[in-house]
Amino acid sequence: MFSENVRCLVVVGAQWGDEGKGKLVDVLAEQADIVARYQGGANAGHTVRAGDDEFILHLVPSGILYPTVRCLLGNGVVVDPWALVGELDALEARGIDLDGRLGLARRAHLVLPYHKALDEAQESSRDSAKKIGTTGRGIGPTYRDKIARVGLRVGDLADMIRARDIVTAGTNAANEAIERMGGEARVDVDEVMTDLETVRDTLLSLATDTGGEIRSGLARGGRVLLEGAQGALLDIDHGTYPYVTSSTTTAGGAGAGVGVGPTVIDGVLGVVKAYTTRVGNGPLPTELAGDEAETLRNLGGEFGATTGRPRRPGWFDANVVRYAAGVNGLTALAVTKLDVLDSFAELRLATAYELDGRVVSTFPDSIHELERVQPVYADQPGWMCETTGCRTWEELPGEARAYLRGLEKEVGVPIRYIGVGAARRETIRLADEGIAGAEAA
Ligand code: IMP
């Protein structure tokens, strides 16, 4: 997707996360100079396969596996310092050279033990019907402190006396809140400060101005990938609120989350699975139940990369992706895991919803309405053969081409990549015009 005129690309999830962004970023990072994360934290789990090796990355951008790529964590990311250092140690232990490879925004906020304790206490205190099903990584409480202007940022570690004041106020407030909720966990300021000392030098040695680095990289003619985490339907504003994460996952957050303006962004690639999954609670209109759900979950290996929780599978929902395309301004689509559908005799694709007796093709902004919609399906025959070996559009079975043609038409964005397996090479690439271009050729 990079070209003479396309040098800064955003890659986002266009469903509920876990779409396979890690693989796509990994595929595109080969041509990039900088790969930067702009939101989220260690709640993300990006699985990347390089050769026979599989890496699950939570904070470090997926570009780290290419030795010449500089990886950045922008100011919009919330960084769990110990998770980050653990991830860096694990990468080094597997032979990845990290020297000069990673930069961390001085303005990024830190996830501290009291944020995690609060996340857990809040979830346990909610009635089961109201649980968000968070990853327990302290994401919501950290963003809350950021917005309340009481958070601790990477740059604050330069002055541990000031850092202690922030940690003390945060710990006291969290301990009181946990007590009110009937929780047990108590966080100790001295312990947090001692633990911070163990990671402080590493964090400060990585500290940088991510926006400045990206702007000068682009001015030198470099290529930049801004890597989103989670997905559009988990966006704090545009997702299925309140069953969302606490950051702007959509492309509009990319510039703000690293420190560049929207005018530098040349394209937005939306990644979707050939079906749908969701982990955590909240509505999922095309959700499958029983044996079909079990089969799809097992074939797709649909268990959370961060928490191991079973994901909830469903048919592809064009209403969701059409909406995500609009909110993100998608210029291209990548469809992953097509091969997972290889053994289904019948496939369903939701093209509209029926809501209170009316057929609508928009995505409701109220979850109460969303809970009432009935998907309107277009059914089609499956292809019932292996697609993992396919490398071109023509090699795909006719039914798979028909399925993707229908999907592209419903969403209205050209498909540029089709994933047929987990490895980098198991990817079909189409030109700018998507399927129309491939069929005209
Ligand atoms: P949090 O981000 O841990 O606060 O969780 C909020 C919601 O977002 C929950 O439903 C999580 O399951 C979901 N979520 C967070 N990160 C991811 C992800 O990387 N993939 C899929 N779902 C996620």
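Tyr353 is buried, with a relative accessible area of 0% (buried means under 20%, exposed over 50%, and partly exposed in between, using a 1.4 Å probe and protein chains only). Keep in mind that this is a predicted model, where local features need pLDDT of at least 70, side-chain atom pairs count only at pLDDT 80 or more, and totals for chains, interfaces and linings use all residues. Residues are numbered from 1 along each chain as its sequence is written, and side-chain values use heavy atoms, with hydrogens and water left out.

Phe363 is buried too, at 11% relative accessibility. Tyr353 and Phe363 make a tilted aromatic pair, with 6.3 Å from centre to centre and 50° between the planes. Here's the rule: rings of Phe, Tyr and Trp (its six-membered ring) pair if their centres lie within 6.5 Å, and planes under 30 degrees apart are stacked, over 60 edge-to-face, and the rest tilted. Tyr353 sits in strand β16 and Phe363 in the loop between β17 (358-360) and α11 (367-372), so the pair ties together parts that are ten residues apart in sequence. (Helices, H or I, of at least four residues and strands, E, of at least two are DSSP runs, numbered from the N terminus.) Ring pairs also bring in Tyr323, giving a cluster of Tyr323, Tyr353 and Phe363.

## Another ring pair

The count of aromatic pairs comes to four. One of them joins Trp315 and Phe344: the ring centres are 5.9 Å apart and the planes are at 80°, so this pair is edge-to-face. Trp315 is in the loop between β13 (312-314) and β14 (316-317), while Phe344 is in the loop between β15 (332-336) and β16 (346-355), so the pair links parts 29 residues apart in sequence. Trp315 is buried at 3% relative accessibility, and Phe344 is buried at 7%.

## Asp156 in its loop

Now for Asp156, found in the loop between α4 (139-147) and α5 (160-180). Asp156 is buried, with a relative accessible area of 13%. Setting aside neighbours within four places in sequence, Asp156 is in contact (heavy atoms within 4.5 Å) with Gly151, Arg162, Ala163 and Ile166.

Cys385 is partly exposed at 36% relative accessibility, whereas Cys390 is buried at 7%.
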